[in-house]
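Subject: A structure for you to explore

Hi there,

Here is the structure I promised to pass on.

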Amino acid sequence: MGRTPDPNRKPELLGRIMDHVATEPLSRMTFRSLATALGVSTYSFVYHFGSRQEMIDAILEEGVRQQSESLTGVDVTAFDRDQFRDWYKEAFRHSLRENNRTALRLQFEAGALEPIDPDIGKRVTTSFVHWRDTVKTWLKKQGIESRRAGVLAHWLVDSAAGLHFGFLITGDRTGTVQAFDVFLTAFLREAFGD
């Protein structure tokens, strides 16, 4: 008779993997490399994740979850302009916290691989499109015509992603936040002519 699985072990392993993935690309990650780096038997990874692909799926799912926390339980479409501005500023700052850098890096790595590697899935693309759709819906509720709302949503979400990428390269959180705040003010001025 096998032993009863510890329900806390898989989340604990995933947390340690997320810390480690900051220093090792997904493409080179194996059960053996993780076992060596984390001092855990390869059996533990096989037991809790099944296969390398299932482990990669769990890592990407966690990265997307971390990046999407600001949308969880929030009806952005009900916000007025000031609420939207304040929420997006806070969401952007939240995305730059130190323990989220791994999720940001994973977003870029997986996002670049998704179009060419079907095993990666489409989690990052789906999450990215969800952010755009949320902003577009909010803009439309503010009275902006659908086509223009789509262009503006594209501009906002893609620009935030560009600032995220710059932050990954430079590590300059203060400069990135300041640039985002200037950009968000310009975005709202363009959107509403204020």
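This is a predicted model: local features need pLDDT of at least 70, side-chain atom pairs count only at pLDDT 80 or more; totals for chains, interfaces and linings use all residues.

**The whole chain**

The protein chain has nine helices and zero strands, so its pattern along the sequence is simply α-α-α-α-α-α-α-α-α. Its C-alpha trace spans about 65 × 35 × 30 Å along the principal axes. There are 194 residues in the chain, and 40% of them count as buried. The accessible surface of the chain is about 10,400 Å², with 54% of that belonging to carbon and sulfur atoms.

How do the contacts run along the sequence? Taking contacts between residues at least 6 apart in sequence, 70% join residues at least 24 apart.

**Three helices and their sides**

An α-helix has 3.6 residues a turn, so residues three or four places apart point the same way.

Let's begin with helix α1, which covers residues 9-20. From its first C-alpha to its last, this twelve-residue helix reaches 16 Å, close to the 16 Å expected at 1.5 Å a residue. Which residues of α1 are buried? They are Leu 13, Leu 14, Ile 17, Met 18 and His 20. These cover an arc of only 155 degrees around the axis, and therefore they lie on the same side of α1. Pro 11 and Asp 19, on the other side of α1, are exposed.

Next comes helix α2, residues 31-38, where Phe 31, Leu 34, Ala 35 and Leu 38 are buried. Their arc around the axis is only 100 degrees, which puts them on the same side of α2. The face turned away from that buried side carries Arg 32 and Thr 36, both exposed. Just after α2 you will find Gly 39, with a positive phi of about 65 degrees.

Helix α7 runs over residues 123-141. Its 19 residues should span 27 Å at 1.5 Å a residue, and the end C-alpha atoms are 27 Å apart, so the two values agree. Buried in α7 are Val 124, Ser 127, Trp 131, Thr 134, Val 135, Trp 138 and Leu 139. Because they cover an arc of only 135 degrees around the axis, they sit on the same side of α7. Thr 126 and Lys 141 are exposed on the face turned away from the buried side. After α7 comes Gly 143, whose phi is positive, near 95 degrees.

Now find Val 151, which belongs to helix α8, residues 146-170. Is Val 151 buried or exposed? Its relative accessibility is 53%, so Val 151 counts as exposed, the cut-off being over 50%. Val 151 is 15 residues from Lys 136 in sequence, and their C-alpha atoms are 8.3 Å apart in space.

His 154 is also found in α8. With a relative accessible area of 37%, His 154 is partly exposed. Leaving aside neighbours within four places in sequence, which residues does His 154 contact? They are Arg 132 and Ser 159.

Enjoy looking around, and write back with any questions.

Best wishes

Definitions and conventions. Residues are numbered from 1 along each chain as its sequence is written. Side-chain values use heavy atoms; hydrogens and water are left out. Helices (H or I, at least four residues) and strands (E, at least two) are DSSP runs, numbered from the N terminus. Buried means under 20% relative accessible area, exposed over 50%, partly exposed in between (1.4 Å probe, protein chains only). Contact means heavy atoms within 4.5 Å. Accessible areas come from the Shrake-Rupley method with a 1.4 Å probe; for residues, only the protein chains shown count as cover. The expected span of a helix is 1.5 Å times one less than its number of residues. The arc is that of the directions from the helix axis to the C-beta atoms.
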